[in-house]
Amino acid sequence: MTLQLRVYVPPHPLVKHWLGVARDASTPPPLFKSAMTELGRWLTYEAMRDWLPNEELTVQTPLAPCKVTMVNPEVPIVVVPILRAGLALLDGAQTLLPLASVYHLGLVRNEESLQANCYLNTLPNQFDPNTRVLVLDPMLATGGTMMLAMSELKKRGATPDLTRIISVVAAPPALQKLGADYPSLTIYTGMIDEEVNGKGYIVPGLGDAGDRAFGT
């Protein structure tokens with residue numbers, strides 16, 4: 001069976017609301033960062049729906065034994081925010097995955113060539129092959145940054161079919177590149193916009209998510 005990139009745009013009303021707040025150019029940095037936190041929370045919620053490993057247990061209620069389904073704590077879960085804008089999504093994601101390990105990737109894009117370069121990498125030398133990896137990056141525009149991130153993850157044993165990407169806004173160039181090289185990936189995004197301009201920004205997008213979140 002041929003694999004194909006899966007991209008989900010959840011119809012959750014809170015995702016739509018906070019995306020609207022984030023898009024508004026008049027939103028001040030503290031509120032923009034709050035919007036990103038909420039988008040990180042609700043998009044992670046959607047991404048975890050059929051992703052977390054479960055186990056069947058029996059517990060004792062105050063009245064009788066009862067079969068329950070719990071998240072299996074022995075299967076490693078990793079969250080990888082792409083610095084710096086991905087940090088704005090991290091707080092929301094961590095409220096749902098408080099026991100996940102967090103590794104940082106610092107990637108910066110050359111504004112002329114639009115090529116991404118790595119300036120910080122705290123990934124472990126090797127991932128357990130069963131590790132679930134959640135990558136946080138608000139904007140999937142040209143795809144260069146996420147392609148570099150996926151390359152670094154794959155070098156260390158992370159498997160694309162157990163990897164999920166959270167983005168606030170995505171665009172066709174990034175989705176096409178990721179789909180060509182990593183067809184078993186799954187992406188959750190607030191919206192797919194149609195255009196990337198000559199400077200590599202998604203249009204209408206929401207501007208520079210890192211600058212807006214941190215007031216720079």
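This is a predicted model: local features need pLDDT of at least 70, side-chain atom pairs count only at pLDDT 80 or more; totals for chains, interfaces and linings use all residues.

**Entry: the β2 and β3 pair**

I went on from that residue pair to the strands themselves, and found that β2 (residues 54-60) and β3 (residues 65-71) run antiparallel and are joined by 7 bridges.

**Entry: the chain as a whole**

I then stepped back to the chain, in which I find 6 helices and 13 strands. Its radius of gyration is 18 Å, close to the 17 Å that the globule rule gives for 216 residues, so I record the chain as being as compact as a globular protein of that length. The C-alpha trace spans about 65 × 40 × 35 Å along the principal axes. Of the 216 residues, 49% are buried, and the accessible surface of the chain comes to about 10,800 Å², with 55% of it belonging to carbon and sulfur atoms. When I took the contacts between residues at least 6 apart in sequence, 66% of them turned out to join residues at least 24 apart.

**Entry: the nonpolar cores**

The largest nonpolar core has 36 residues, and the members that touch the most others are Met36, Leu39 and Leu206. I listed the elements that give two or more residues to this core, and they are α1 (13-23), α2 (29-47), β4 (77-83), α3 (87-96), β8 (132-136), β10 (163-170) and α6 (209-214). The most comes from α2, which gives 6 residues.

What does Leu39 touch, once its neighbours within four places in sequence are left aside? I find Leu39 in contact with Val15, Trp18, Leu19, Ala22, Thr44, Leu89 and Val168. Apart from this core lies another, of 25 residues, and I noted Leu123, Val135, Met147 and Ile165 among them.

**Entry: Leu178**

Is Leu178 buried or exposed? I found a relative accessibility of 0% for Leu178, so it counts as buried, since the cut-off for that class is under 20%. Leu178 is in helix α5 (residues 172-181), and, not counting residues up to four places away in sequence, it touches Leu140, Met146, Met147, Met150, Ile165, Pro183, Leu185 and Ile187. I also looked up its separation from Gly143: Leu178 and Gly143 are 35 residues apart in sequence, while their C-alpha atoms are 7.2 Å apart in space.

**Entry: two loop residues**

Thr142 lies in the loop between β9 (139-140) and α4 (144-155), and I have Thr142 as buried, with a relative accessible area of 13%. The C-alpha atoms of Thr142 and Arg156 are separated by 24 Å, the two residues being 14 apart along the chain.

Gly198, in the loop between β12 (195-196) and β13, is exposed, with a relative accessible area of 76%. For Gly198 and Glu112, I noted 86 residues of separation in sequence and 9.7 Å in space, C-alpha to C-alpha.

**Entry: peptide bonds and cysteines**

Which peptide bond is cis with omega near 0°? I found this for the bond from Leu83 to Arg84, and I placed Arg84 in the loop between β4 and α3. A cis peptide bond also joins Val203 and Pro204, with omega at about 5°, and Pro204 lies in the loop between β13 (202-203) and α6.

How many disulfides does a search of the whole structure find? My search of the whole structure gives 0. I looked up two cysteines as well: Cys66 is partly exposed, with a relative accessible area of 32%, and Cys118 is partly exposed, with a relative accessible area of 38%.

How values were computed:
Residues are numbered from 1 along each chain as its sequence is written. Side-chain values use heavy atoms; hydrogens and water are left out. A nonpolar core is a set of buried Ala, Val, Leu, Ile, Met, Phe, Trp, Tyr and Cys residues joined through side-chain atoms within 4.5 Å. Buried means under 20% relative accessible area, exposed over 50%, partly exposed in between (1.4 Å probe, protein chains only). Helices (H or I, at least four residues) and strands (E, at least two) are DSSP runs, numbered from the N terminus. Contact means heavy atoms within 4.5 Å. Two strands pair if DSSP finds at least two bridges between them. A disulfide is a pair of cysteine sulfur atoms within 2.5 Å. The radius of gyration is taken over C-alpha atoms; the globule rule is 2.2 Å times the number of residues to the power 0.38. Accessible areas come from the Shrake-Rupley method with a 1.4 Å probe; for residues, only the protein chains shown count as cover.
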